[in-house]
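Okay, thanks everyone for coming.

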Amino acid sequence: MAASPPALSFLKGQLHVHSAGSYDAKEPPEQVLKFYAERGYRFVSITDHNRVTVAPSPSKDLLVFPGAELTQNATVCEPAPAPGFRCLFHTGAVFLHGVSDGQDLKLPFQQGRFAAFDAQLSLAERLGGIGMIMHPNFHFAVNERLLARLVKRGVKLFELSNAALDSQHPGGHERAESHAEALWDSVLSQGLLLYGVATDDAHHFSEAPERRRHMKSAYTGDRGWVQVYAEPNEASIRGALEAGEFYASSGVDLVSVRRDTEHWRVEIQALAGERYETRFIGSRGRELARVQGAVAEYDPQGDEGYVRAVVRDSQGRKAWLQPVRLDSR
Ligand SMILES: [Zn+2]
Ligand SMILES: [Zn+2]
């Protein structure tokens with residue numbers, strides 16, 4: 001990635017956020033886009049529940065890609081949920097084409113877990129877009145077997161970090177993240193390739209202070225994002241996401257990344273007073289190396305199955321680098 005032409009750079013993007021087009025959010029889409037434009041985002045996809053929201057970009061520097069969160073919430077499904085849990089199947093559908101503001105994308109109910117996701121992915125594809133599996137661990141919607149099956153079906157992206165739900169995890173956000181990483185490693189260890197995104201899943205913007213005053217949770221923005229190594233246009237950004245040319249972040253930014261079968265080098269945008277630790281991880285989640293400091297390097301030996309890396313700062317914020325498979329080397 002580091003040796004690419006200068007037209008490419010890291011573009012900060014948001015792939016999961018709600019506006020007044022969702023039953024559980026109130027912020028006008030124009031305000032949502034303004035929020036992200038003001039924070040240096042270069043692209044945003046508003047993903048309202050079963051509904052397309054299209055609003056004009058407030059800035060020439062912010063690309064807006066029509067999207068939706070295809071949502072099926074039920075109490076009954078197959079295999080059945082554990083006691084006390086529901087069947088919540090949510091697929092992010094982004095880069096949609098030929099859709100219009102307010103368009104309803106509700107699908108008929110599917111009882112089978114695979115069938116439900118398959119129908120959602122098919123709809124995203126029919127609309128020219130791509131589907132990503134959202135919050136797989138929420139209500140244990142997707143286990144490692146189902147996720148592997150979905151990857152074999154063609155899924156390339158899943159939500160590794162969801163700022164809204166992870167912050168609600170009873171064990172804390174680090175617990176939620178380690179569960180998501182374990183799920184990821186279990187799929188990668190089966191010889192498959194899957195990339196992880198971080199998102200806000202923000203629902204509350206101007207109403208956040210009021211909610212906090214009433215001790216209600218506020219799902220705010222700019223807590224989880226992707227940095228995509230691309231040119232600022234839809235084809236390049238989409239292509240880079242599908243090729244894993246990006247990293248997911250919950251607050252750590254990177255200066256440069258080299259990740260291939262021969263050599264890894266990660267340069268972190270170090271903040272004053274912060275300490276950084278980078279872990280390189282291989283098959284079955286095995287830790288290959290642990291490096292302190294603003295630059296981390298690793299030379300794959302060839303027998304790791306795959307290599308991925310995660311950077312953590314002293315406050316627990318992270319950057320997740322996408323895996324590279326070594327099997328075919
Ligand atoms: Zn959702
Ligand atoms: Zn959502």
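Let me start with a question: is the crossing of α3 and α5 left-handed or right-handed? Keep in mind that this is a predicted model. And the answer is right-handed, for this pair of α3 and α5.

So who's touching whom? From α3 we have E144, L147, A148 and V151, and across from them α5 brings in L183, S186 and V187. If you sort that contact by class, you get five nonpolar residues, one polar and one charged.

Now the geometry. α3 covers residues 144-153, and its axis sits 9 Å from that of α5, with a packing angle of about 55°. Angles from 65 to 115 degrees would count as roughly perpendicular, and those under 35 as roughly parallel, so α3 and α5 come out as oblique to each other.

Where they meet, domain 1 puts in 18 residues and domain 2 puts in 19.

Which elements give two or more residues to the domain 1 side? Well, α5 is back again, residues 173-188, along with β8 at 195-199 and β10 at 246-249. As for the make-up of that side of domain 1, we're looking at nine nonpolar, seven polar and two charged residues.

Conventions: Residues are numbered from 1 along each chain as its sequence is written. Chains are lettered from A and ligands numbered from 1 in the order in which they are written. This is a predicted model: local features need pLDDT of at least 70, side-chain atom pairs count only at pLDDT 80 or more; totals for chains, interfaces and linings use all residues. Two residues are in contact if their C-beta atoms, placed from the backbone, lie within 7 Å. Helices (H or I, at least four residues) and strands (E, at least two) are DSSP runs, numbered from the N terminus. Ala, Val, Leu, Ile, Met, Phe, Trp, Tyr, Cys and Pro count as nonpolar, Asp, Glu, Lys and Arg as charged, and the others, Gly among them, as polar. Axes are lines fitted to C-alpha atoms, for helices over the stretch in contact, and angles run from 0 to 180 degrees between N-to-C directions. Angles under 35 degrees count as roughly parallel, over 145 as roughly antiparallel, 65 to 115 as roughly perpendicular and the rest as oblique. A crossing is left-handed if the near helix is turned anticlockwise from the far one by less than a right angle, and right-handed if clockwise.
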